[in-house]
Amino acid sequence: MNEKEKALKICSELKKIYPAAECTLSYSKPYELLIATRLSAQCTDARVNIVTKELFKKYTSLESFASADEKELEDAVRPCGFYRTKAKSIKEMAKKIISDFDGEVPDTMEKLISLPGVGRKTANLILGDVYGKPAIVTDTHCIRITGRLGLTENSDPYKVEKDLRAVIPENEGSDFCHRLVSFGREICKARKPLCDICTLSEVCSYYQKNAENQK
Ligand code: SF4
């Protein structure tokens, strides 16, 4: 089985386990996903969803974020950690979307990463979930699991993204990464992967290596 065949097998197996591939962050407008993703750095999605439920009621437009009192915004996002930096970049991001992109969240990687606080991971999430464009979101689950599976030997997010783009079909990338999040939480856990019940063990480098070592 070559690398692409292996990647396809993994995609199809994950699809069986998680037919629905959904973003775990709650949002109803493109800019809300951008803000929720910014808040999710070093914070759980569950906590972000609790915070944004109130946040998006208090600030109901990009303009309201752009003109927010910074101290008040800091207080509103405090439970997500790094609240000063996050509040500042959310405000600046809102201002730039209004001034440079007519109030529309941009739809290209280049423009997205020009926004304050937005890196490739966030940009890929927007491209995939909002605009349905090819995207690979290299979060912690993606990097750990694809490394174990042997789809990449890298741990640098951009290098992992490039490795995965070479083997995962373009139209599958975004869903593939969402499924990895669920798979990482439930089966291929960071500390103790549940290899004994994992249906990917047959194509998993980490599992095969461990099996070899035990012989
Ligand atoms: Fe993760 Fe183990 Fe499954 Fe490999 S076999 S993908 S390490 S749970």
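The structure is a predicted model, in which local features need pLDDT of at least 70 and side-chain atom pairs count only at pLDDT 80 or more, while totals for chains, interfaces and linings use all residues. Residues are numbered from 1 along each chain as its sequence is written, and side-chain values use heavy atoms, with hydrogens and water left out.

Now to R185, which is found in helix α11, residues 173-186, where a helix is a DSSP run of H or I with at least four residues, numbered from the N terminus. Leaving aside residues up to four places away in sequence, R185 touches T24, D45 and H141, contact being heavy atoms within 4.5 Å. The C-alpha atoms of R185 and K162, 23 residues apart along the chain, are separated by 24 Å.

Finally, the backbone. Most residues other than glycine have a negative phi. Q42, however, has a positive phi of about 60 degrees although it is not a glycine, and Q42 lies in the loop between α2 (30-39) and α3 (45-58). F82 likewise has a positive phi, near 45 degrees, and is placed in the loop between α5 (70-77) and α6 (83-100).

Key
Helices (H or I, at least four residues) and strands (E, at least two) are DSSP runs, numbered from the N terminus.
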